[in-house]
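User: Could you take me through this structure in a few questions and answers?

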Amino acid sequence: MSARPTIATGPAAKGKPVTLSTMAERKALGEPIAMVTAYDYPSAQVAEEAGVDVVLVGDSAAMTVLGYPSTVPVTVEEMLMLAAAVRRGLRTPLLVGDLPFGSYEVSNEQAVATAQRFVKEAGCDAVKLERGGSSVERARAIVDAGIPVMGHVGLTPQTATALGGYRSQGRTAERALEVALDAKALEEAGCFSIVFEAIPSDLTDEIMPSLQVPVIGIGAGPSTDGQVLVFHDLLGIYDGHAARFVKRYAAIREEMIAGVQAFAEDVRARRYPEPEHGYTMAPDECERLRALLAHDG
Ligand code: KIV
């Protein structure tokens, strides 16, 4: 696992780095785990200073920061660049990198090779992959290669088309059973934690007693061991459709638009820059310059 950089200040910077044992302890003590996504250096610093436990460089970056219509197109190279930037801004939370669609499904070898890049090149502590089924074997292979894996069941956006779109999962007993079995299989494959996305709270309540690893929920009700939200959703930066489970804690997009508008108005009204925003030259240097220009001209 790569060494964590020392970064500046903030209350969280004083904390001990979050490890897999910390996560397990939190579950044992019944202390909820707070996880957010981050996609660059400043958002990582915000997560650090806010004192969250886990940061996910989610493939939601495809939509929130890269402007793709879904999570499917984002590439390993794009994810690695974002994850490396997050690593540089993070010291305390556990850093999880999301394996993008098409980077792990083909074979165990492909899955291990991609996971190794997230650890070696971006400095991630762990990786996340989506779905049960064949992903269980991929998760086991990555764990066997010494890289911690977080599973993800319920609504798995990479395969949303096959699931009937971006909609909650596990609402029939049969589909709920599939979600429960996938979660158990991922735990047995060695996943240190599992994300439950967009499933009924009743289903979560049914599954929780059978799982030993910490479960992080997003639209899965209150009984999971922790909760995750997408950075841009919770801060109100992203202007797309927000899922039912999103709670907005700020309206940063409006603040950003107002700030940029105020700048543009100041420029047009010649209110910016003011004297304090500029640099000065000593009067004698100015005079010498005039002489030099006159001589050259
Ligand atoms: O990509 C992502 O942001 C995620 C979270 C929603 C868990 O997978």
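This is a predicted model: local features need pLDDT of at least 70, side-chain atom pairs count only at pLDDT 80 or more; totals for chains, interfaces and linings use all residues.

Analyst: Residues are numbered from 1 along each chain as its sequence is written, and side-chain values use heavy atoms, with hydrogens and water left out.

User: How far from an oxygen atom of the ligand does a polar side-chain atom of Ser60 lie?

Analyst: The residues around the ligand (a heavy atom within 4 Å) include Asp59, Ser60 and Lys128. Polar contacts here are pairs of N or O atoms within 3.5 Å, and a polar side-chain atom of Asp59 lies 3.0 Å from a ligand oxygen. For a polar side-chain atom of Ser60, the distance to an oxygen atom of the ligand is 2.5 Å.

User: Which residues touch the most other members of the largest nonpolar core?

Analyst: A nonpolar core is a set of buried Ala, Val, Leu, Ile, Met, Phe, Trp, Tyr and Cys residues joined through side-chain atoms within 4.5 Å, where buried means under 20% relative accessible area with a 1.4 Å probe, protein chains only. The largest one holds 75 residues, and those touching the most other members are Val55, Ile142 and Phe196.

User: Is Val136 buried or exposed?

Analyst: Val136 lies in helix α6 (residues 134-144), helices being DSSP runs of H or I with at least four residues. Because its relative accessible area is 11%, Val136 is classed as buried.

Terms used. Buried means under 20% relative accessible area, exposed over 50%, partly exposed in between (1.4 Å probe, protein chains only). A polar contact is a pair of N or O atoms within 3.5 Å; within protein, one must be able to donate a hydrogen and the other to accept it, and residues adjacent in sequence count only if both atoms are side-chain atoms. Helices (H or I, at least four residues) and strands (E, at least two) are DSSP runs, numbered from the N terminus.
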